[in-house]
Amino acid sequence: MKNIKSLLLLLIISSMFGACEDILETKPLNRYSEENVWGDPALAQGFIYDAQNDAIRAFLSVPASSTLYSANDLHTDNQIRTGGGGNINTDGYDRFFDAGWDQFSVIRQANLIIEKVTESTIFTENQKTLFIAQGHMIRAMVYARQARFFGKYIIIDKVLTPEDDLVLGRSSTVKETYDFILNDLTIAANGLPLNGEAGMLTKGAALALKAEVALHGGAYIESNKEEYYQISKEAGEDLFNLGVYQLDNDYANIFNNYDGGLNSNEIILGYYQHIDNTRFRETIMQRIVPNLALSRLDTNATPQLSQGFSGWSRMQPTWSLVEDYLVVDEDNVAKKWNETSYYQDYMTNGGYVSKMLFKNRDKRLEASIVRDSSMYFGQLVTYRKGGNLHWNANTGSKWGMTASGFNQRKGLYEEVQLRAPVNTPYHIVVFRLGRAYLNYAEAMLRLNQPDVAIEYMNRTRTAHGGLPPLAIGTDISDVWKYFKIERRVDLFFENDRYWSLLRWGKEDGGTIISELNTNKKAFEISEDGMSFELIEIPNGYANRNRMNFSARRYLFPVPENERQLNNKLDQNPEW
């Protein structure tokens with residue numbers, strides 16, 4: 001059990017869960033002098049965790065979204081948007097759009113950590129090694145975020161003073177930015193501890209990020225792509241050889257339960273919010289649960305509910321996503337739903353859509369998606385026409401109801417009813433072993449070793465999905481097909497889909513990405529439950545969800561306002 005016992009960890013928790021609160025009934029950390037902070041190991045660690053908090057929030061951020069920092073998939077074919085933020089795939093943004101260019105305060109925090117600790121005569125050598133490694137990891141996380149968004153970025157490797165030239169240009173190449181990140185992560189991995197309390201930076205976290213940075217960078221850098229895929233491969237192997245992490249066979253437990261998220265041996269790094277400082281409204285849970293008071297439930301809806309829902313649903317899973325959760329057919333082969341014997345029987349003999357459609361599905365479907373005839377907060381819910389969670393079941397406003405025919409379960413705690421002002425703990429998974437396995441599989445595909453890739457994607461496919469393994473020797477084109485399905489369903493809602501589609505598009509030639517250039521549809525089952533159709537997204541949300549991807553979306557623009565202030569900043573292609 002990962003218990004938090006020491007004074008140091010109390011300081012850590014105070015800084016992570018709202019550092020401006022009194023620390024151990026003394027004064028806030030930001031009122032301590034610089035001499036105090038860098039003269040006391042506990043206060044220095046508190047400062048570091050405050051910077052780590054900022055870095056993780058930046059790393060998980062999603063552009064053009066008001067849904068907090070929680071790694072959503074709104075800009076992809078995984079989710080329908082019914083509230084909050086814009087749609088970056090409508091091609092309605094110009095070169096003035098700011099996707100989060102200014103992360104310099106967090107970079108300064110990281111540089112302060114590295115410099116002040118290096119200069120210190122107070123800290124022991126072990127403390128210095130630990131603190132400096134955390135500084136490099138924090139800086140790497142911020143730069144990894146900026147590299148994904150902007151490619152080249154301004155490299156600042158020291159604490160700037162008024163005497164320094166503050167008009168700085170970006171790195172000369174994209175590779176230079178990625179090289180800087182990878183060097184930071186090498187230092188971090190060498191200095192961070194093997195084990196730590198939940199939420200602490202560890203050697204495993206540095207290696208997991210290094211493998212992913214090299215994988216993504218390999219698609220964007222100007223040269224030596226294979227070298228980057230080799231770096232990703234080696235970082236993955238170093239991570240696996242630590243022997244610290246293992247796949248959790250209870251996939252839902254990783255995301256849908258606080259204690260599960262706190263104690264899962266699969267999680268390499270998580271972001272944990274304490275119950276004393278967190279309300280439902282301050283978590284993503286508030287944004288994925290429907291809004292339906294019993295007084296507004298259509299009296300003809302079946303079945304009637306015993307409790308209403310008080311969420312502010314702004315995003316719902318798409319039919320396109322649901323399709324990719326494979327079905328184990330009677331011959332024990334995993335297939336798309338419409339390739340199975342169950343579907344053929346339905347087409348011949350008819351029957352209930354939900355019985356056919358959701359039979360023997362990938363186990364991650366139930367862990368991630370609420371669908372017709374699911375149990376949800378202990379109640380049977382139906383999304384068909386006349387059902388209690390159909391978008392027309394609310395006799396008042398349609399706001400807060402699904403526009404896709406599904407709701408999201410992944411990342412939701414159902415032990416208690418959701419109420420906006422009620423306190424709750426919450427956690428977000430930043431890195432985990434399943435993600436690392438899939439990064440390794442992708443690197444091996446890039447290195448033309450499909451059988452190794454199959455071995456590693458099969459690990460999540462079998463342990464998390466309950467699917468039969470993909471056969472060794474499968475043709476590489478089919479391996480890629482099933483790999484992309486596996487990555488999509490295993491990493492849904494973990495800040496992966498958008499970046500993976502960009503990475504694959506880049507390697508495929510950098511033109512239009514079909515998955516980001518298609519209109520989303522709603523899924524609707526007939527009132528008798530015997531047929532279904534895909535229709536235009538209802539209630540006026542269709543335009544908000546249209547996607548029109550262009551090649552310039554591979555990187556966001558350097559905001560024109562920044563360029564007007566700094567003539568050394570060049571612009572990204574096509575902006």
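Is the crossing of α8 and α15 left-handed or right-handed? The crossing of these two helices is left-handed, a term used where the near helix is turned anticlockwise from the far one by less than a right angle, clockwise being right-handed.

The model is a predicted one, in which local features need pLDDT of at least 70 and side-chain atom pairs count only at pLDDT 80 or more, while totals for chains, interfaces and linings use all residues. Residues are numbered from 1 along each chain as its sequence is written, and side-chain values use heavy atoms, with hydrogens and water left out.

**Helix pair**

The axes of α8 (residues 225-241) and α15 (residues 433-446) come within 9 Å and cross at roughly 145 degrees; axes are lines fitted to C-alpha atoms, for helices over the stretch in contact, with angles from 0 to 180 degrees between N-to-C directions. On the α8 side the contact (heavy atoms within 4.5 Å) includes Tyr229, Lys233 and Phe240, and on the α15 side Tyr437, Tyr440 and Arg446 are among the residues involved. Nine nonpolar, three polar and three charged residues make up this contact, where Ala, Val, Leu, Ile, Met, Phe, Trp, Tyr, Cys and Pro count as nonpolar, Asp, Glu, Lys and Arg as charged, and the others, Gly among them, as polar.

**Overall fold**

The protein has 19 helices and 14 strands, taken as DSSP runs numbered from the N terminus (helices H or I, at least four residues; strands E, at least two). Its C-alpha trace spans about 80 × 55 × 50 Å along the principal axes.

**Second largest cavity**

A cavity is a set of points on a 1 Å grid over the protein atoms alone where a 1.4 Å probe fits but cannot get out, and lining residues have an atom within 4 Å of a point. Of its 14 lining residues, Phe59, Arg148, Glu212, Val213 and His216 lie nearest its centre. The largest share of the lining, four residues, comes from α7, and by class the lining has six nonpolar, three polar and five charged residues.

**Backbone features**

| Feature | Value | Loop |
|---|---|---|
| Thr302 to Pro303, cis peptide bond | omega near -15 degrees | Pro303: between β3 (291-292) and β4 (309-310) |
| Ser373, positive phi | phi near 70 degrees | Ser373: between β8 (369-370) and β9 (374-376) |

Most residues other than glycine have a negative phi, and most peptide bonds are trans.

Key. On a 1 Å grid over the protein atoms alone, a cavity is a set of points where a 1.4 Å probe fits but cannot get out, and a pocket is an open set with protein on both sides within 12 Å along at least five of seven lines; lining residues have an atom within 4 Å of a point.
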